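Dear colleague,

Please find below the structure that I am handing over to you. I would be grateful if you could look through it before reading the notes that come after it.

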Amino acid sequence: MILTITNIRRPSSNTSETLTIENGLIKGWNLNLEGQTLDGNGATIVPAFIEPHAHLREPGQEQKEDLTSGLAAAAAGGYGTVISMPNTVPVVDNPAIVRALIDKAAALGFARLRPAAALTRGQDGEQLAELALLAEAGAAVFTDDGRTNENARTLRLGLEYAHSLGKVVSVHAEDASLRAGGVMNEGPVSEALGLPGNPAAAEAARIARDIEICRMTGGRLHIQHLSTGRALELVKAAKAQGVNITCEVCPHHLLLTDEALRSFDAVYKVAPPLRTQSDAQALLAGLKDGSVDCLATDHAPHTRAEKELDLLQAPSGIAYIEIAFPLLWTNFGAELGLQKIVELLTVDVARVLGWPAPSLEARQPADFTLLDLETVRPVDPATFKSKAKFNPWVGQDLKGWPMLTIVGGQVAFKRA
């Protein structure tokens, strides 16, 4: 089938162009071929985003999210590929589960799924999972995300084994004993509120340990949702010394701080927690200078009833994959620029994972999204595809909305 998207603009041009796709691939630009036509309405075309860290909750927690709702939400956010975390029920530590998730997702027609598999059996941190079989089944990365890797020897073996398979190990980098029962950033705000704090040192101490393990193994280590300036300093120094380490930052750690917890609203409870304005500024500087490798949302849906519990009992997580780009473009577009933001969501993620860089050139996979960079729209939960129809930005006016997402040459999302 031939599909031509008319009246679109590339980021570097104000000229209206057409793009033709055929059999899941980009056929070329400004061709005159018969077939189905869609009007791009002057939107800006960019490669579909890649989400390296999302919780889709299937299997076992479908009341929070499932593949249908989560991948539809991703497509609505301009994402063409999503890496789902394995802390489900049961844990994704079995090749059969990996294959079943990929097969089910492929039949849905939304964003493409690439499941992460657990590094250890049951994510217990002790015995490695069958990494080779998981990789063969289609696991994208290995991680015990949702749990910290307390056993240093197991992490060492995992890095060595994964490296032999050409895979990345990603980690939730917090020292569990330092974090203890902390529910927010440890500092003046937590003290004023009388809430147990999670110190920045918990993240930095664990990253310092993991850097040494990465150094000795030569493996590829990726730090998830890095949240503090001190941790970024450690990663930056390790890179300068040739350690094969990368890191991601989430928009919520750029946009929100621990001051939000003065509301006692658990919608702001995340792990790692919202930090200080100084940390947020350090992370933004890291995006600018390249010490932060890519952006991730850590899309983490929960039921409204769970998030209405008090801060001591409520689960951690914010779900906002559908509005991630509008948040970034509205708040940082002038400072970072379109090219930089798109790179952090596409080619930089691919580089971290060792995947081919996405492209809009002929004969490349037809994965792209069209962005309306100018029209301001409110964040309206009634339009969300995700089951989690709440987040900190409901009602805010944003611009940069994805209007059309094409995955594998097929329409995965079209905004009404």
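This is a predicted model: local features need pLDDT of at least 70, side-chain atom pairs count only at pLDDT 80 or more; totals for chains, interfaces and linings use all residues.

Overall form. The protein contains 14 helices and 18 strands. Its radius of gyration is 21 Å, close to the 22 Å that the globule rule gives for 416 residues, so the protein is as compact as a globular protein of that length. Along the principal axes, the C-alpha atoms fill a box of roughly 65 × 45 × 45 Å. Of the 416 residues, 58% count as buried. When contacts between residues at least 6 apart in sequence are considered, 73% of them join residues at least 24 apart.

An open sheet is formed by 5 strands, in the order β9-β10-β13-β14-β15, with parallel pairing. Its edges are β9 (142-143) and β15 (294-295), each of which pairs on one side only. Within the sheet, β13 (residues 221-223) and β14 (residues 245-249) are paired in the parallel sense over 3 bridges. His 222 has Thr 246 in β14 as its bridge partner.

Cis peptide bonds. The bond from Glu 58 to Pro 59 is cis, with omega near 10°. Pro 59 belongs to the loop between β6 (49-54) and α1 (67-76). Val 89 and Pro 90 are also joined by a cis peptide bond, for which omega is about 5°. The loop that holds Pro 90 runs between β7 (79-84) and α2 (95-106).

Positive phi values. Phe 264, a residue other than glycine, has a positive phi near 60°. It is found in the loop between α9 (251-255) and α10 (277-289). Phe 264 is partly exposed, its relative accessible area being 45%. Asp 298 is not a glycine either, yet its phi is positive, at about 50°. This residue sits in the loop between β15 and α11 (304-307). Is Asp 298 buried or exposed? Its relative accessibility is 9%, and buried means under 20%, so Asp 298 counts as buried.

With kind regards

Key: Residues are numbered from 1 along each chain as its sequence is written. Side-chain values use heavy atoms; hydrogens and water are left out. Helices (H or I, at least four residues) and strands (E, at least two) are DSSP runs, numbered from the N terminus. The radius of gyration is taken over C-alpha atoms; the globule rule is 2.2 Å times the number of residues to the power 0.38. Buried means under 20% relative accessible area, exposed over 50%, partly exposed in between (1.4 Å probe, protein chains only). Contact means heavy atoms within 4.5 Å. Two strands pair if DSSP finds at least two bridges between them.
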